[in-house]
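Please consult the sequence and the model alongside it.

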Amino acid sequence: QVQLVESGGGLVQPGGSLRLSCAASGNIFRVYTMAWYRQAPGKQRELLATATSGGTTNYADSVKGRFTISRDSTKNTVYLQMNSLKPEDTAVYYCYVDLITTPSAHIDMYWGQGTQVTVSS
């Protein structure tokens with residue numbers, strides 16, 4: 001069993017900052033890609049940022065320069081530092097991890113439970 005537990009969401013004023021965390025635990029042999037998505041009401045889930053096990057990061061244009069993804073491989077944890085937040089960043093934020101549970105297992109995908117981020121004055 002693998003679980004992803006997110007934390008760090010909340011209410012913040014425009015221009016403010018938040019840091020989201022997502023910790024993966026359980027029967028984990030190796031973690032590959034870790035990522036953050038978000039979904040606003042009435043919209044499709046949007047990929048925001050990815051961090052590979054090799055250290056490569058990528059960002060959606062909508063968050064480039066404002067959000068930073070990082071990971072701590074010793075803790076199987078991924079972070080999303082969000083700065084200069086705007087009202088249009090309001091959404092439920094989800095972490096995503098793909099990993100294997102044994103050396104011979106196929107890669108499985110896991111999602112966090114989601115955390116609400118609201119940007120409003």
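Is tyrosine 96 buried or exposed? Tyrosine 96 is buried, as its relative accessible area is 10%; buried stands for under 20% relative accessible area, exposed for over 50% and partly exposed for what lies in between, with a 1.4 Å probe and protein chains only.

1. Basis of the note. The model is predicted: local features need pLDDT of at least 70, side-chain atom pairs count only at pLDDT 80 or more, and totals for chains, interfaces and linings use all residues. Residues are numbered from 1 along each chain as its sequence is written, and side-chain values use heavy atoms, with hydrogens and water left out.

2. The disulfide. The structure has 1 disulfide, a term for a pair of cysteine sulfur atoms within 2.5 Å. Its partners are cysteine 22 and cysteine 95, with sulfur atoms 2.0 Å apart. The link is right-handed, with 50 degrees about the S-S bond. Because cysteine 22 belongs to strand β3 and cysteine 95 to strand β9 (residues 91-100), the pair ties together parts that are 73 residues apart in sequence. Strands (E, at least two residues) and helices (H or I, at least four) are DSSP runs, numbered from the N terminus. Cysteine 22 and cysteine 95 are both buried.

3. Serine 21. Strand β3 (residues 18-26) also holds serine 21, which counts as buried at 17% relative accessibility. Neighbours within four places in sequence aside, the contacts of serine 21 include Trp36, Val78 and Tyr79, where contact means heavy atoms within 4.5 Å.

4. Aromatic pairs. The whole structure has 3 aromatic pairs. Rings of Phe, Tyr and Trp (its six-membered ring) pair if their centres lie within 6.5 Å; planes under 30 degrees apart are stacked, over 60 edge-to-face, and the rest tilted. Tyrosine 37 and tyrosine 96 form an edge-to-face pair because their ring planes stand at 65 degrees, with the centres 6.1 Å apart. Since tyrosine 37 lies in strand β4 (residues 30-39) and tyrosine 96 in strand β9, this pair ties together parts that are 59 residues apart in sequence. Tyr37, Tyr96 and Trp111 make up one aromatic cluster.

5. Arginine 45. This residue lies over the face of tyrosine 94, at 3.8 Å from the ring centre, and over the face of tryptophan 111, at 4.7 Å from the ring centre. Such a placement requires NZ of Lys or CZ of Arg within 6 Å of the ring centre and within 35 degrees of the ring normal.

6. The nonpolar core. The largest nonpolar core has 31 residues, and Trp36, Phe67, Leu80, Met82 and Tyr93 have the most contacts inside it. A core of this kind is a set of buried Ala, Val, Leu, Ile, Met, Phe, Trp, Tyr and Cys residues joined through side-chain atoms within 4.5 Å. Strand β9 gives the most to this core, with 5 residues.

7. Strands β7 (residues 67-72) and β8 (residues 77-82) run antiparallel and are joined by 6 bridges; two strands pair if DSSP finds at least two bridges between them. Isoleucine 69 stands opposite leucine 80 in β8. Asparagine 76, in the loop between β7 and β8, has a positive phi of about 50 degrees although it is not a glycine. Most residues other than glycine have a negative phi.

8. Serine 84. A positive phi of about 50 degrees is also found at serine 84, again not a glycine. Serine 84 sits in the loop between β8 and β9 and is partly exposed, with a relative accessible area of 41%.
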